[in-house]
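Have a look at it first, and then we'll go through some of its helices and strands.

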Amino acid sequence: MRALVAAAAMGVALVSAPPADAQEEPEGPLLAAPIPPERIEIGLSTETIAITSDFAGVGLTIFGAIDNVDPLIQRQGRYDVFVILEGPSSNIVTRRKSRVLGIWMNVESQSFLDVPQSFLVASTRQARDITTSSTLDRLSLGVEEVRLRPGKVSPRGKDDVTEFTEALRRLKENSGLYQEFPSGVRFISQSLFRAQLHLPADVPLGRHTARAYLFRAGTLSAQTTTTLDIRKAGLEYQLFQAAQNQSLLYGIAAVAFALFIGWLGRVLFRRD
Amino acid sequence: MALYLPIAEMSVNIFVLLGMGAAVGFLSGMFGVGGGFLITPLLIFYNIPPAVAVATGANQVVASSVSGVLSHFKRGTVDVKLGSVLLVGGIAGSSVGVWIFALLRDLGQLDLFVSILYVVFLGTVGGLMMAESIRAMARARAGATIGLRRPGQHMWVHKLPFKMRFKASKLYVSVIPVVLLGAMIGMLASIMGVGGGFIMVPAMIYLLKVPTNVVIGTSLFQIIFVAAYTTIVHATANQTVDVVLAMLLMAGSVAGAQYGAKAGQKLRGEQLRALLAALVLLVALRLAYTLFITPDELYTISTDFLL
């Protein structure tokens with residue numbers, strides 16, 4: 001498998017960060033610190049990834065850097081990083097089959113609004129070892145924490161909605177679209193890190209958001225966001241575009257092509 | 001070797017699809033059917049989204065019907081006039097079918113509906129064919145002559161008004177059943193992704209009393225247009241025609257068809273029909289099985305088009 005390497009935006013910093021006093025909950029960029037706080041950067045060498053005809057999933061490496069690293073904290077291994085690649089959102093319907101007259105058919109359904117079509121998260125270690133579950137939840141730092149907002153709530157009650165929500169999450173996980181890589185982020189030097197994710201074969205197309213969070217001893221100290229376009233390339237892309245935008249022409253061309261192949265088959269393999 | 005399908009949005013094994021096309025082509029060459037009724041379920045078994053399988057199946061039917069109809073034109077066994085009247089109904093039926101198709105997809109019942117249609121039609125046609133060929137084989141063993149009942153007896157179909165003369169078929173019938181038959185097949189074609197030959201042929205023989213020698217040519221002739229129209233409408237309304245997928249299937253089926261035709265010449269007519277019936281029943285059973293067994297996963301997700 002090829003690996004796509006999104007190259008580094010490197011920053012090197014030797015300045016010490018302020019001593020860690022933060023064992024408490026309030027996070028966010030430290031304000032008015034006397035010594036500059038850490039900053040995190042991630043770099044993508046390319047703003048687009050093109051899916052070609054042999055696409056069967058691919059490894060994606062995102063490099064990043066931390067500015068103003070506190071060497072003490074670094075030596076103690078108390079810096080942790082999350083890198084998340086989130087796909088474009090769409091409204092999704094989850095349907096549940098039940099037996100009707102012996103036949104299994106979709107009976108109940110529950111819609112969800114603005115569901116990320118994919119959610120890949122890499123971290124330096126198990127998320128629950130890095131920070132509290134309320135922080136994980138607030139920042140959506142894991143598959144369990146992806147926000148799945150139900151549309152119109154069905155009359156069947158809350159428990160049922162929970163069941164649909166769990167099913168949606170499970171299906172996304174099974175297809176590799178929601179994935180966690182608990183040791184996917186590795187420090188390659190004091191301030192540089194590398195996040196490795198795997199894009200599944202059916203990764204959604206469109207604008208993905210890459211987010212990175214730096215935790216210092218369990219507390220969020222910096223974050224950053226960038227975007228990545230995933231689209232089809234080459235002939236596939238042209239065909240997809242044509243099917244979407246020039247659909248009538250596309251249909252006529254498909255038929256003309258079939259007529260030609262049919263005629264060709266007759267000429268090549270004359271059966272009578 | 002993996003290939004990415006641009007419309008189905010998935011990676012597939014190129015050899016599996018070529019093989020699938022070849023196998024169906026072999027069978028269609030052997031039995032003289034379009035093969036759409038086999039291609040679409042096979043694609044669905046291979047996890048191609050049913051919406052794409054149906055629309056692409058229609059596209060593939062165009063190619064296989066053209067190959068077939070050209071040889072029928074050469075032999076003069078196409079009733080263009082009858083085919084055109086069927087076509088009028090077919091186009092109307094197909095338009096309705098595509099509309100129903102989109103509606104069912106939005107309601108999340110498309111997969112179920114397509115499966116049920118396949119089970120019902122393949123089950124019925126396969127069962128009837130099987131019974132008929134077994135009777136024929138029994139008669140052949142008893143030494144009786146084999147032949148379909150000749151037209152001549154009049155049914156209610158022949159008492160309807162708006163009669164029209166079809167010279168090539170030596171027929172004088174009302175256009176109402178012809179147009180209705182065309183419409184029904186057109187509708188099925190667009191929902192099931194088939195040419196509809198496997199329903200059209202027996203209906204023309206038993207209902208309209210069309211002579212058997214012009215039935216297949218005429219049916220193929222109108223199927224080309226209905227399938228072509230269905231392909232274009234699916235492409236514009238649902239964007240579900242995958243030309244890469246269609247190309248693989250066509251390449252396989254065109255090559256497979258000639259070997260199938262050779263193999264078919266070595267078998268007797270009623271044996272051939274019994275074999276085809278067995279095959280049709282097998283596909284129906286396999287589809288029925290998925291309807292009735294408890295699925296591993298009760299939940300499915302799809303992008304919401306209605307919101």
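## Before we start

A crossing of two helices is called left-handed if the near helix is turned anticlockwise from the far one by less than a right angle, and right-handed if clockwise. Helices (H or I, at least four residues) and strands (E, at least two) are DSSP runs, numbered from the N terminus.

This is a predicted model, where local features need pLDDT of at least 70 and side-chain atom pairs count only at pLDDT 80 or more, while totals for chains, interfaces and linings use all residues. Residues are numbered from 1 along each chain as its sequence is written, chains are lettered from A and ligands numbered from 1 in the order in which they are written, and side-chain values use heavy atoms, leaving out hydrogens and water.

## A left-handed pair in chain B

Start with helix α1 (residues 14-31) and helix α10 (residues 269-292) of chain B: their axes come within 10 Å and cross at roughly 145 degrees. Axes here are lines fitted to C-alpha atoms, for helices over the stretch in contact, and angles run from 0 to 180 degrees between N-to-C directions. The crossing of α1(B) and α10(B) is left-handed.

Contact means heavy atoms within 4.5 Å. On the α1(B) side, L27(B), M30(B) and F31(B) make the contact, and on the α10(B) side L272(B), L275(B), L276(B) and L279(B) do.

Next, helix α4 (residues 80-107) and helix α8 (residues 212-237) of chain B pack at about 25 degrees, with axes 9 Å apart. That angle makes α4(B) roughly parallel to α8(B) (angles under 35 degrees count as roughly parallel, over 145 as roughly antiparallel, 65 to 115 as roughly perpendicular and the rest as oblique). The crossing of α4(B) and α8(B) is right-handed.

As for α8(B) itself, this helix has 26 residues and reaches 37 Å from its first C-alpha to its last, close to the expected 38 Å (1.5 Å times one less than its number of residues). Just after α8(B), Q239(B) takes a positive phi of about 50 degrees.

## The sheet in chain A

Over in chain A, six strands form an open sheet with mixed pairing, in the order β3-β14-β13-β5-β8-β10. Two strands pair if DSSP finds at least two bridges between them. At the edges stand β3 (48-51) and β10 (178-181) of chain A, each with a single partner strand, so one side of each has no neighbour in the sheet.

Strands β13 (residues 206-216) and β14 (residues 219-232) of chain A run antiparallel and are joined by eleven bridges. R216(A) has T219(A) as its bridge partner in β14(A).
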